[in-house]
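Trainee: Please take a close look at the place where the two chains meet, and at the parts on either side of it.

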Amino acid sequence: MGPVTDPLIELRDVAIDRGGRTILDVPHLKLADGTVVAALGRNGAGKSTLLRAIGGLAEPTRGTIMLNGSPSTAGDRRRLISAVLQRPLLRRGTVSSNIEAGMRFRGIERRERPARTETWLKALELSHLADQQVHRLSGGEAQRVSLARALALRPRLLLLDEPFTSLDTPTKAELLSDLRGVIDKERCAVFFVTHDRHEASLLADRVAILHQGRILQEGPLAEVHDHPSDMMGAELLGYRNQLPADQLPSAIPRKGSMLLIRGSDLTVGRAPTNGWEIPAVAVRATIDGDAPSVVAMVGNIPVMARVVDAATPSPGESVTLHVNPTHVRWC
Amino acid sequence: MGLIWEGFTSALRLLWNRDPETMEILWLSLRVSLSATVVALLIGLPVGMLIAVGRFPGRKLLLAAVNTGMGLPPVVAGLFVTLLLWRSGPLGAAALLYTPTAMIIAQAFIATPLVAGISTAALQQVDPEFRTQMLGLGAGRLRSLYEVAREARLPLLAAVMAGFGGVISEVGAATMVGGNIKHQTRVLTTAAVQQTAMGNFGAAIAYGMILLAIAFLVVLVLTLAQQHQSLWAR
């Protein structure tokens, strides 16, 4: 054991090569007890590879992964983790036998297992399915079993590899909020891989933006969310509207060649105080999440703006887009 | 027609009376072929696991070798083992030729590629991520491999049955390395060949019926296993 201040896991110059190519290159990353770190990136960004390196499920080609301040082997780390992968990979058998299997691997005493199984079945609302054969479960139920199985081990480090991707939206939201409650109670460290910023913001304390095997930015959720350091991060965080500076009215003070605006910061209708104005032409009405929105052209660039306290403009109508400048980014 | 009927009734008589010679031949057949199947499992299953789960240079070559071996003519296996065990051969000093041990060795040569090939296919049906998931729940390396095999236990049963079925019914290798010596190396297939050649159709049909019954039992076990998923679920 190192001093109390050592993080649970610390990556130092960790890299993984595959087929002569470096697919992961992380100079530094820390995971601390009770903290959820989300790795946000597109498919193929190296998120799963990073998760596997951290969990001891893939061997880094170079670098050291510190555990409580001392260098660790993959086997050392596998002893503290439990992982939930993208697809629920359950063993043949019943729901209960699956949850007990993990405890058996970890050598948790036989007489302790049934009570723990019951606790976690209840926590994930699976009690009524305890004796169900797993091949009869729906996708959402199977993923809950996978989560219960991982949590029943009470891991020091919980690894989540896009476990919510295959679930429908209401199931996902419910599961995410349940899970955050459980994590807060257990105080385990969590490394959570996702490509969905909504999932990240529901679960994570910190966010790491991954692109082509590298961490572009890492920090507290709110900070990364409001101040993405580059275009890639901005896109992943929902700055979907990107306007070249030469398309903007001269009244807008330029601080870069590209203006990035989040969906919620570009509006039609009621004007925000101190907002900027951009003339555009409405193309069609749409819905963004649950907000009525309009697709409009600024010059030849399409953007999506929320309609606030106004009728949705009809196609071809000239509109004024309002920009809330507080959170815009320049690149 | 009379010939067949006569043979059939005399076969039933031999079986019904538990003719000592027939029983001796049956037990030796089972002993040799079951032992060979166990040896084939001990070698073939790890090889199948290696090919299915492992990533190493020469993997495809090994798979090709196994697949070729699945079609190995028993006579070739018999020839190879005969050469190995021949008095002046590499293992001649052990004086194993024309013993049940020699038959077990030869039949293991035949059954191992069958077991390896079919278990490779069986184990490859398990999601490649399944093992990672088991490791991610704290299973050790060996335990994770066991878990993969456990998922594939039904198709693995097919590998066992194919291995056993392949050797209990073969005659070429058993004759070459066993020699069909009465009370020593005579098994159902070699005895059936001999009795047919001698015109003793009653005994030949009796041996044939026992072989058929064993084949039926093998298929029955497989079918039951496949039909009773729930029996295997836990």
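Mentor: The contact takes 15 residues from chain B and 22 residues from chain A. Bear in mind that this is a predicted model.

Take the side of chain B that touches chain A. Two elements of chain B give two or more residues to it: helix H6, residues 128-135, and helix H7, residues 141-151. H6(B) makes the largest share, with 5 residues. By class, this side of chain B divides into 6 charged, 5 nonpolar and 4 polar residues.

Chain B also holds a contact between two of its own helices. Helix H2 (residues 20-53) and helix H5 (residues 100-124) of chain B have axes that come within 5 Å and cross at roughly 35°. The crossing of H2(B) with H5(B) is right-handed. Sorted by class, the residues in the contact of H2(B) with H5(B) are 21 nonpolar, 10 polar and 1 charged.

Now to chain A, and to a sheet in it. This sheet of chain A is open, has 3 strands in the order E11-E12-E18, and pairs them antiparallel. Strand E11 (241-244) and strand E18 (329-330) of chain A are the edge strands, and each pairs on one side only. E11(A) is joined by 4 bridges to strand E12 (residues 258-261) of chain A, and the two run antiparallel. One position shows how they line up: Asn241(A) has Ile261(A), in E12(A), standing opposite.

To return to your request: on the side of chain B that touches chain A, look at H6(B) to begin with, as the largest share comes from there, and then at H7(B), which also gives two or more residues.

Methods
Residues numbered from 1 in each chain as written. Chains lettered and ligands numbered in written order. Predicted model: local features only at pLDDT ≥ 70, side-chain atom pairs only at ≥ 80, totals over all residues. Contact = placed C-beta atoms within 7 Å. Nonpolar A, V, L, I, M, F, W, Y, C, P; charged D, E, K, R; others polar. Pairing = 2+ DSSP bridges. Axes fitted to C-alpha atoms, helices over the stretch in contact; angles between N-to-C directions. Left-handed = near helix turned anticlockwise from the far one by under 90°.
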